[in-house]
Amino acid sequence: MRDLEQKELMVKLGRSFYERGYTVGGAGNLSVRLDDNRVLVTPTGSSLGRLQAERLSVLDLNGNLLEGDKPSKESVFHLAMYKKNPACKAIVHLHSTYLTALSCLDGLNPNNAVRAFTPYYVMRVGKMQVIPYYRPGSPKIAEELGNRALTGKAFLLANHGVVVTGTDLSDAADNAEELEETAKLFFILQGQKIRYLTDEEVKDLENRGK
């Protein structure tokens, strides 16, 4: 996909997230690999609902700005993940309502914030690790995500939001949407007896994805 097509897709997906309430104000950021050494990132302070293709930030993997506006301060953790995991082609970071609410709960399993109760959660991301709380923009977030980039597709930032990867920008967006729906169902089902997927059922889903 050409650079302009990637930029237009980022604008389109950002607006879709915004219009559906997955992000508000200047919260959240998106990125996608343009090639082996360039990454397209949303600019600092920008609303995902009002992105402009010509103002999107293009960086090299060392964080040098090649074109566009100054990038999001959180672009550092995007770059850390791209450097560590070449299979990661796009990243969606949202402060969506249900996932952010989930991130504020105490006592979550750090290896998997949500025990699987739908097959789609397993097929989309498998599991969602929990990153300890650090202030937004802290280099510790980049360090944590870089260290774990090869161990999963989705990461819940404690008291913050979610970071989701994909094989391209559309795939990362689909993964993020499935996770938000999973978190919504998690809260709807509170107080009910949940039938979780068994280890065998999870393994069967994982094997079918290989």
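**Notebook: helix pairs and loop residues**

I began with two helices: the axes of H2 and H5 come within 8 Å and cross at roughly 20°. This makes H2 roughly parallel to H5, because angles under 35 degrees count as roughly parallel, over 145 as roughly antiparallel, 65 to 115 as roughly perpendicular and the rest as oblique. For the axes, I noted that they are lines fitted to C-alpha atoms, for helices over the stretch in contact, with angles from 0 to 180 degrees between N-to-C directions. Helices (H or I, at least four residues) and strands (E, at least two) are DSSP runs, numbered from the N terminus.

I wrote down the ground rules next. The model is predicted, so local features need pLDDT of at least 70 and side-chain atom pairs count only at pLDDT 80 or more, while totals for chains, interfaces and linings use all residues. Residues are numbered from 1 along each chain as its sequence is written, and side-chain values use heavy atoms, with hydrogens and water left out.

**H2 and H5**

I looked up the handedness and found that H2 passes H5 in a right-handed crossing. A crossing is right-handed if the near helix is turned clockwise from the far one by less than a right angle, and left-handed if anticlockwise. On the H2 side the contact (heavy atoms within 4.5 Å) is made by Val76, Phe77, Ala80, Met81 and Lys84. On the H5 side I listed Ile141, Ala142, Leu145, Gly146 and Asn147. Sorted by class, this contact has 7 nonpolar, 2 polar and 1 charged residues. Here Ala, Val, Leu, Ile, Met, Phe, Trp, Tyr, Cys and Pro count as nonpolar, Asp, Glu, Lys and Arg as charged, and the others, Gly among them, as polar.

I then asked which residues of H5 (residues 139-148) are buried. They are Ile141, Ala142, Glu144, Leu145, Gly146 and Arg148. Buried means under 20% relative accessible area, exposed over 50%, and partly exposed in between (1.4 Å probe, protein chains only). The buried residues of H5 pack against helix H2 (75-84) and against strands E6 (129-131), E7 (154-157) and E8 (161-166).

**Loops on either side of E7**

I found Lys153 in the loop between H5 and E7. It is partly exposed, with a relative accessible area of 42%. Leaving out residues up to four places away in sequence, Lys153 touches Arg124, Val125, Val163, Val164 and Thr165. Asn159 is in the loop between E7 and E8, and is also partly exposed, at 45%. I noted that phi of Asn159 is near 55°, a positive value in a residue other than glycine.

**H1 and H6**

I checked a second pair: the axes of H1 (residues 3-19) and H6 (residues 169-188) come within 11 Å and cross at roughly 15°. That makes H1 roughly parallel to H6, and the crossing is right-handed. From H1 the contact uses Leu9, Met10, Leu13 and Phe17, and from H6 Leu169, Ser170, Ala173 and Glu177. I recorded these residues as 6 nonpolar, 1 polar and 1 charged.

**Ser96**

Is Ser96 buried or exposed? Ser96 counts as buried, at 1% relative accessibility. I placed Ser96 in the loop between strand E5 (90-94) and helix H3 (97-103). Not counting residues up to four places away in sequence, Ser96 touches Tyr22 and Glu180.
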